[in-house]
Amino acid sequence: MRSPWLSLVVTAPLLAISLFEPLSALAVPVADLELSETHTTHDLVASSAVFRREDDHMHMHHGAPLTELNETAILEWHAPTPPSYWSIDIEDRDPSVPRYPALMALHIIFMTLAFFIALPVGIAMRALKHSLHGFVVVAFYSLCALGCASGTLYRKLTPDMYEGSSHASHGYLVLILSLCLSALDIVRFLVRLYAFVKSRSKFALKPFWQNVVLGRNEIYNLTARYTSLDPEEPSEFDVAEMKPLRVAETREPLHVLRNQPIATIQTQDLDDPDDDETAPWANNTRNSQGAIHYTKSSLSERTVFEADSPQGSRHSDETLHDFKLPGRIEPQTLLIRISKGAFATLERALVFAAFGMTLSGIVVYTGGCRESYVNGCLAHLIKGGIFWCYGLVTFARYLGSFSELGWAWNISPSGEHVSAEFVESLVIFLYGITNTWMERFGVHSGDPYTTKQVQHISIAVMFWFAGLVGMGIESKRVRRWLAASAAAAAGPAETSEPPSYRGSFNPFPALVIGVTGAAMSAHAQTYLFQVQIHEIWGELLLGFSVLRCLTYFFVWLGPPRSILPSRPPTEALASFFLACGGLVFIFSTEEVTIAAMRKGRDDMMMFLNVAVAITCFAFCWTFCIVAMKGWLRSRSSPRYPLSAP
């Protein structure tokens with residue numbers, strides 16, 4: 001039974017919220033007794049009215065939590081902890097028996113470099129179509145091969161201390177998924193190779209390197225007008241100034257500005273002959289032969305607008321669509337868009353799958369989550385892992401990731417997309433609608449609802465309907481329905497949307513997480529240390545909720561008017577509270593808290609400080625990845641400041 005349950009830990013935490021988290025509730029509740037070394041059998045029977053065990057937590061309904069560890073009660077419900085890889089390698093190592101912890105250290109180092117350094121860098125380079133992307137992919141698989149080799153060698157030289165472990169098999173599944181995604185790169189390489197062979201009679205090293213290896217296509221014809229451009233001259237991206245129409249120059253109070261219609265965004269007229277910045281170079285590059293053709297170079301893929309098209313000469317103040325960004329001009333079918341979105345999602349899910357594999361590896365190496373501990377262990381690892389990953393994604397949004405979708409508290413520069421709050425509400429809804437019905441799995445028909453079942457079902461129902469309301473609020477069609485009465489009362493007169501329609505002010509995802517944190521901070525536990533650590537991560541989740549509401553408050557006062565990320569400072573704090581709360585959630589696993597009490601490490605400050613330190617390290621890693629992608633964008637397209645982060 002242990003192996004199938006443990007295998008669920010390796011699943012990507014973002015997917016686990018709708019697929020695997022409900023499985024943690026399948027265990028059948030059993031009665032629990034408070035045991036004491038001085039109690040008699042009669043005393044134990046009498047104490048069952050005070051303490052009873054539900055799933056993997058001893059819920060206390062009529063007594064204060066214990067301050068001293070009761071080993072007799074623990075052994076009544078849990079088997080003694082067997083030796084583990086950690087104990088034979090480090091903690092209780094026998095000098096007479098050869099051990100190889102260095103091989104395990106190499107396995108950890110290689111896999112960390114592969115999945116948390118090379119993989120994110122490769123994803124960023126792929127998004128930018130960087131010429132060195134292929135080399136990073138080769139480095140990723142090389143590191144994976146070294147990691148697999150060291151791990152396999154360690155297992156061959158070390159006795160099996162965790163029977164039924166599926167960590168290795170699921171790790172190979174993650175590698176197979178990455179290979180399937182990389183197959184597209186291989187196909188592209190073969191297509192470029194075939195085109196190169198068919199187009200040339202003689203082999204030339206430089207064209208082969210540029211076209212086939214680096215993927216820089218040079219088959220596009222360069223027009224005389226483009227080749228005559230001075231590379232140091234400004235491009236249209238630089239001279240096009242996107243700004244609200246005279247909004248910043250007003251001196252009206254903020255509450256008056258907030259109630260005014262949204263100012264239309266204009267682009268500076270590139271054809272204005274009086275413009276001193278654009279006329280000198282624009283007049284020298286335009287003629288009557290037609291539109292400027294798109295070209296590809298080592299600096300950028302498409303660097304020139306179709307400025308001489310019928311729309312190129314009339315950059316109006318009515319819409320931004322006349323000022324089209326490169327890569328958005330060719331229409332895409334719905335199937336292609338779905339395929340690209342699925343590919344990008346799966347590629348990024350590999351990082352979260354690697355985090356799941358990290359948790360699985362820690363569990364296997366330390367010998368945790370066995371026998372009766374497995375249900376509570378899974379619940380904490382999956383739920384805490386979800387909050388942890390959610391916090392890192394929220395911090396990435398604060399830094400500017402997903403700004404091309406309008407998710408960085410900005411105006412989307414590439415058309416309409418679903419809001420980040422809609423995605424949050426959808427995930428919350430999927431969790432609630434699945435977990436509501438699965439809470440009673442494993443019980444007999446007619447059995448009464450236990451306290452734990454009522455607690456979890458009520459939380460699931462909150463997730464269900466709060467997520468449904470959140471999705472409804474984010475629907476533009478539903479918003480039109482809600483505004484139908486006011487629009488009808490206005491009659492045929494033109495009605496403009498208020499500035500607040502620019503952003504999403506949906507408090508329901510924050511409400512759900514905040515209520516969950518408040519409820520879990522009051523979660524009854526057997527020992528005082530367990531109560532205190534639950535209070536910590538419950539209050540951290542509640543803090544995220546409060547800070548997210550403050551973000552909405554300030555953004556509602558001044559809705560976003562730029563396509564650049566606005567970076568509300570409250571979101572930086574909120575993301576930290578959320579990620580740190582998820583990590584403390586993982587630390588609050590029953591087996592971890594009992595082990596801490598046994599070793600005299602049941603110190604709240606230590607647990608919190610370790611969680612804060614790890615969270616800060618993870619935020620630094622996230623910052624470096626996002627900044628690296630922006631740096632690569634600026635290097636490949638220095639005249640294009642509106643790049644996706």
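**Entry 1: a surface patch**

I began with the rule for patches, which are made of residues with over 30% relative accessible area and no salt bridge, like charges being joined within 9 Å and nonpolar side chains (Val, Leu, Ile, Met, Phe, Trp, Tyr) within 5 Å. This is a predicted model, in which local features need pLDDT of at least 70 and side-chain atom pairs count only at pLDDT 80 or more, while totals for chains, interfaces and linings use all residues. Residues are numbered from 1 along each chain as its sequence is written, and side-chain values use heavy atoms, with hydrogens and water left out.

By the patch rule I found a nonpolar patch on the surface formed by Leu542, Val546, Leu550, Phe553 and Phe554, which together have about 440 Å² of accessible area (areas by the Shrake-Rupley method with a 1.4 Å probe, where for residues only the protein chains shown count as cover). I looked up phenylalanine 554 and placed it in helix H21, residues 528-557; helices (H or I, at least four residues) are DSSP runs, numbered from the N terminus. Phenylalanine 554 counts as partly exposed because its relative accessibility is 48%, where buried means under 20% relative accessible area, exposed over 50% and partly exposed in between, with a 1.4 Å probe and protein chains only.

**Entry 2: cysteines**

I then looked for disulfides, each being a pair of cysteine sulfur atoms within 2.5 Å, and the structure holds one. This disulfide joins cysteine 369 to cysteine 377, with 1.6 Å from S to S. Cysteine 369 counts as buried at 5% relative accessibility, and cysteine 377 is buried too, with a relative accessible area of 3%. Cysteine 580, by contrast, is in no disulfide, since the nearest cysteine sulfur, that of cysteine 616, is 8.1 Å away. Cysteine 580 is buried, at a relative accessible area of 1%.

**Entry 3: the largest cavity**

For cavities I used a 1 Å grid over the protein atoms alone, a cavity being a set of points where a 1.4 Å probe fits but cannot get out, and lining residues having an atom within 4 Å of a point. Grid points are joined across faces, edges and corners, and a volume is the space filled by probe spheres set on the points. My search of the whole structure gave five cavities of 30 Å³ or more, and the largest cavity holds about 140 Å³ of space. Its lining has 16 residues, of which Leu119, Arg126, Val137, Ser182 and Glu347 are the closest to its centre. Helix H6 (101-128), helix H7 (133-157), helix H8 (167-199) and helix H14 (334-366) are the elements that give two or more residues to this lining.

**Entry 4: salt bridges**

Side chains of opposite charge can pair when their charged atoms come close. I counted a salt bridge where a side-chain nitrogen of Lys or Arg is within 4 Å of a carboxyl oxygen of Asp or Glu, and the whole structure has eight. Arginine 126 forms one with glutamate 347, their closest N and O atoms being 2.5 Å apart, and this pair links distant parts of the chain, helix H6 and helix H14, across 221 residues. Arginine 126 counts as buried at 16% relative accessibility, and glutamate 347 is buried at 7%. Glutamate 347 also meets arginine 348 in a salt bridge, at 3.8 Å from N to O.

Lastly, I looked up arginine 397, which forms a salt bridge with glutamate 424 at 3.4 Å between the closest N and O atoms. Both residues are buried, and shared partners join Arg397, Glu424, Arg548 and Glu571 into one network of salt bridges.

Definitions and conventions
1 Å grid on protein atoms, 1.4 Å probe; cavity = no way out; pocket = protein on both sides within 12 Å on 5 of 7 lines; lining within 4 Å.
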